[in-house]
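Please look over the model before reading on.

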Amino acid sequence: HGLRGQTGQQTELGTLISRALLEQTNAHLPQINAGRAAAGLRPIEPIGIMLKHTGDIKEGFTPGATNHLKLSNTFLNTGTIERELNELTAVKMTGAQLKGVLNFGVHDLPEAAMQNKSLAGRLLDNGKRFFLGSGNSDFFDYTGNFIQTEGVRYSFNRSLPPGQRVVSVDVLDSASGKYLPLDQNKTYDVLTLFHPIEKWGKRGMITNNPADSMFSNPSNWAYGKQYTAEGAREAVSAQPIQLSQVDLLGKFLTEKGSITNSQFVSPLIRDVSPAPWNPEVRPGVYSTSPIGLLNATKK
């Protein structure tokens, strides 16, 4: 369970993938670091956190035996070894950067108050967003921006302004095995992908761009307005991990033998909004026609 559209929660599939990639990457670090040493590069430290944007998760599993093709269908950018080796990266994030990207992951979830509005009210809100210039496909991409995790837990409140919705973050301490409050000034070793790093860089979550206005200024989300991601990879000391997500997931499943959904139910992500979210109400796909605006509430 846990396809691309099932967001706002830590899904079983999101947990499985996040855990598999983190565990298997750490298991391969001796091999990776041997190659880096031969090339005169610094070693990659053991990684404690996985940030997996849901937009990279295409399909779930069907019961029964799986194979390489089925696993390939789980991820984007698969099918050739060249594509598969260009995604994973180890980065170093400060606590402030980590909270920033988690905030980005929930900034475009529907507002809590919107759930209590009538269809006409939602249509009006959608129309305002579009005609005022804040209806941007990048902004309203909660099925892609939402972050599944391993090694970090967080809670968010959709009634708060975008950029301020994450209300708590705890990081797993490897020494004690306990979750400890995020330290904004501490540097954490994180496994993620290059694609979200570019997006986080464009929106000022990990670079020196002014992140405080990125969410609140509607003109920042107008169609066609782009922020460069210059310095995004450097800002988090990104180091490529030339391993295939497909192969790592396959090795994890092979070692487990068999799995069930119940093994990957996780409480790492909590929506503490005062109003429940109906994921079917999506204010994210816009058209200038009334029919398009109507359909936007259904997708």
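The largest cavity is lined by R42, P43, I44, E45, A90, V91, K92, D189, S237 and Q239. A cavity here is a set of points on a 1 Å grid over the protein atoms alone where a 1.4 Å probe fits but cannot get out; a pocket is an open set with protein on both sides within 12 Å along at least five of seven lines; lining residues have an atom within 4 Å of a point. This is a predicted model, in which local features need pLDDT of at least 70 and side-chain atom pairs count only at pLDDT 80 or more, while totals for chains, interfaces and linings use all residues. Residues are numbered from 1 along each chain as its sequence is written, and side-chain values use heavy atoms, with hydrogens and water left out.

**Enclosed and open space**

Two cavities of 30 Å³ or more are present. A volume is the space filled by probe spheres set on the grid points, which are joined across faces, edges and corners. In the table, Ala, Val, Leu, Ile, Met, Phe, Trp, Tyr, Cys and Pro count as nonpolar, Asp, Glu, Lys and Arg as charged, and the others, Gly among them, as polar.

| Space | Volume | Lining residues by class |
|---|---|---|
| Largest cavity | about 70 Å³ | four nonpolar, two polar, four charged |
| Second largest cavity | about 30 Å³ | two nonpolar, three polar, two charged |
| Largest pocket | about 500 Å³ | nine nonpolar, 10 polar, one charged |

Of the 20 residues that line the largest pocket, F61, T62, G64, L253 and I259 are the closest to its centre. Helices α1 (12-38) and α9 (245-256) are the elements that give two or more residues to this lining. Helices (H or I, at least four residues) and strands (E, at least two) are DSSP runs, numbered from the N terminus.

Which strand gives the largest share of the largest cavity's lining? Strand β2 (residues 88-94) does, with three residues.

**The sheet**

Five strands form an open, mixed sheet in the order β3-β1-β7-β2-β8. Strands β3 (147-150) and β8 (239-240) stand at the edges with a single partner strand each, so one side of each has no neighbour in the sheet. Two strands pair if DSSP finds at least two bridges between them. β2 and β7 (residues 187-193) run antiparallel and are joined by seven bridges.

Helix α4 (residues 95-106) lies across β1 (49-53), β2, β3 and β7, at about 115 degrees to β2. Helix α7 packs on the sheet too, touching β1, β2, β3, β7 and β8, and its direction makes about 115 degrees with that of β7. Contact means heavy atoms within 4.5 Å. Axes are lines fitted to C-alpha atoms, for helices over the stretch in contact, and angles run from 0 to 180 degrees between N-to-C directions.

In α7 (residues 194-202), F194, P196, I197, K199, W200 and G201 are buried. Buried means under 20% relative accessible area, exposed over 50%, and partly exposed in between (1.4 Å probe, protein chains only). G204 follows α7, with a positive phi near 80 degrees.

**Two non-glycine residues with positive phi**

N77 is not a glycine, yet its phi is positive, about 55 degrees. N77 sits in the loop between α2 (68-72) and α3 (81-84). Its relative accessibility is 32%, so N77 counts as partly exposed.

S237 lies in the loop between α8 (232-235) and β8. With a relative accessible area of 32%, S237 is partly exposed.
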